[in-house]
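Here are my notes on this model, in numbered points. Please read them alongside the coordinates.

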Amino acid sequence: MSIDLYSRETLLKPAETYQQIRQAGAVVWLPKHRLWVMGRFRDVRQALSDDETYCSGNGVAANPVTNVLTAGTTLASDGEAHAKRRRLLLQIPLGQGAFRH
């Protein structure tokens with residue numbers, strides 16, 4: 001699809017853009033950004049539970065610099081490394097994490 005996720009039109013009316021993505025199919029290629037996108041809840045939920053097919057270890061951002069900076073984090077990891085980080089995070093009591101005010 002020839003959608004620009006960062007265009008003024010998309011930023012002002014994102015719901016319309018997301019609707020176009022959902023109507024186009026389960027997975028849509030955006031050549032401008034050189035990435036695949038998913039817009040349907042059921043497809044996203046399935047992808048989140050299938051880290052063998054949909055890996056995050058190479059990054060999940062549309063920005064290569066962000067992918068480098070987040071490498072090895074819970075979000076940007078797969079398999080046992082992801083599971084281990086997630087287990088650790090789930091053990092931290094609410095309000096005791098790094099984002100405490």
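1. Burial. Buried residues make up 18% of the 101 residues in the protein. Buried means under 20% relative accessible area, exposed over 50%, and partly exposed in between, with a 1.4 Å probe and protein chains only.

2. Basis. This is a predicted model: local features need pLDDT of at least 70, side-chain atom pairs count only at pLDDT 80 or more, and totals for chains, interfaces and linings use all residues. Residues are numbered from 1 along each chain as its sequence is written, and side-chain values use heavy atoms, with hydrogens and water left out.

3. Fold. The protein has five helices and two strands. Along the sequence they follow the pattern α-α-β-β-α-α-α. Helices (H or I, at least four residues) and strands (E, at least two) are DSSP runs, numbered from the N terminus.

4. Dimensions. The radius of gyration is 16 Å, whereas a compact globule of 101 residues would have a value near 13 Å. That radius is taken over C-alpha atoms, and the globule rule is 2.2 Å times the number of residues to the power 0.38. The C-alpha trace spans about 40 × 35 × 25 Å along its principal axes.

5. Core. Seven residues form the largest nonpolar core: Ile 3, Leu 5, Ile 21, Val 28, Leu 30, Leu 35 and Val 37. A nonpolar core is a set of buried Ala, Val, Leu, Ile, Met, Phe, Trp, Tyr and Cys residues joined through side-chain atoms within 4.5 Å.

6. Contacts. Which residues does Leu 5 touch, leaving aside its neighbours within four places in sequence? They are Thr 10, Leu 11, Thr 17, Ile 21, Leu 30 and His 33. Contact means heavy atoms within 4.5 Å. For the whole protein, 21% of the contacts with a separation of 6 or more join residues 24 or more positions apart.

7. Arg 34. This residue lies in the loop between E1 and E2. Most residues other than glycine have a negative phi. Arg 34 is exposed, with a relative accessible area of 70%.

8. Val 68. Helix H4 (residues 64-69) contains Val 68. Val 68 is exposed, at 64% relative accessible area. Its C-alpha atom is separated by 8.6 Å from that of Asn 58, ten residues apart along the chain.
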